[in-house]
Amino acid sequence: MQLLCLTDRAPADALPSIDLLAHEIRVSPLGVRLPPAMRTQYDCILVDGSHNVRLAREVCQDLTQSECAPRIAVLPESALGVVQADWGLSDVLLPGAGPAEIEFRLRLLRGAADGSAGGGATTEVNSAGVVIDEANFTARLHGRPLGLTYKEFELLYFLVGHPGRVFTREQLLSEVWGTDYFGGTRTVDVHVRRLRAKLGEHDGLISTVRGVGYGFARGRDAGPCEFDASTLS
């Protein structure tokens with residue numbers, strides 16, 4: 001994606017993990033009014049409000065006055081309470097967001113734009129009664145909202161997208177948390193336990209394959225597990 005970062009600093013100072021992603025990033029000063037051509041030529045505009053929330057708000061409100069690319073504001077957690085609809089934002093990122101979260105939110109933004117241009121293309125995946133809408137960041141089980149955290153959503157989205165297959169904890173760490181994650185595989189166990197609690201009586205949808213890892217919607221009468229070794233190095 002082509003990104004424009006409105007900041008008085010280097011993009012990596014505003015959002016440190018952005019340098020780890022393969023996107024083309026241009027920079028423009030935060031307080032300088034963008035000409036109309038620049039407002040529409042990028043896939044996304046990042047507005048750095050980490051050090052000056054008031055100026056970021058003014059910039060965002062100005063961008064809503066004409067046709068403009070989707071905007072994401074980078075704001076400290078303490079400033080989230082002042083964000084209003086008149087900012088015209090598509091999303092908000094905290095300065096400490098990791099590369100996996102930044103990429104996920106940019107992917108949602110691109111998916112929403114593609115869906116609008118393509119006449120409402122679906123971004124849903126579903127299996128065994130679980131329906132996940134990636135564009136709207138929602139997950140439902142037989143119509144019941146699951147209320148997932150970001151990582152729970154990512155993990156369930158990955159598993160639902162590969163029903164019947166079994167992945168090791170290391171594979172799940174790589175696919176969901178990213179190769180730069182330094183935590184241990186215990187993190188996967190904790191998130192699986194939380195997901196099962198939210199699935200309630202359907203917690204068996206996430207099965208444990210002893211000595212291998214976890215699978216989704218394998219069923220009680222499933223045969224030998226289909227183990228995906230394609231992501232192992």
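Two strands are taken as paired if DSSP finds at least two bridges between them, and strands (E, at least two residues) and helices (H or I, at least four) are DSSP runs numbered from the N terminus. The structure is a predicted model, in which local features need pLDDT of at least 70 and side-chain atom pairs count only at pLDDT 80 or more, whereas totals for chains, interfaces and linings use all residues. Residues are numbered from 1 along each chain as its sequence is written, and side-chain values use heavy atoms, with hydrogens and water left out.

On these criteria, five strands form an open sheet in the order β2-β1-β3-β4-β5, with parallel pairing. Neighbouring strands are turned by 25 degrees against each other on average, direction ignored. The parallel pairing of β4 with β5 extends over three bridges, and I72 has D91 in β5 as its bridge partner. Helix α3 (residues 53-63) lies across β1 (2-6), β3 (44-48) and β4, and runs at about 155 degrees to β3; axes are lines fitted to C-alpha atoms, for helices over the stretch in contact, and angles run from 0 to 180 degrees between N-to-C directions.

The loop between β4 (71-74) and β5 (91-93) contains S90. With 43% relative accessibility, S90 counts as partly exposed (buried is under 20% relative accessible area, exposed over 50%, and partly exposed in between, with a 1.4 Å probe and protein chains only). Residues up to four places away in sequence aside, S90 touches P70, R71 and L109, contact being defined as heavy atoms within 4.5 Å. S90 and L109 are 19 residues apart along the chain, and their C-alpha atoms are separated by 7.5 Å.

Helices α6 (residues 169-177) and α7 (residues 186-199) have axes that come within 9 Å and cross at roughly 80 degrees. This angle makes α6 roughly perpendicular to α7 (65 to 115 degrees). R169, L172, L173 and W177 of α6 make the contact with T187, V188, D189 and H191 of α7.

Within helix α7 lies D189, which counts as buried at 15% relative accessibility. Beyond its neighbours within four places in sequence, D189 is in contact with R169 and Y214. The side chains of D189 and Y214 are joined by a polar contact of 2.6 Å, that is, a pair of N or O atoms within 3.5 Å; within protein, one must be able to donate a hydrogen and the other to accept it, and residues adjacent in sequence count only if both atoms are side-chain atoms.

How values were computed. Parallel < 35°, antiparallel > 145°, perpendicular 65-115°, else oblique.
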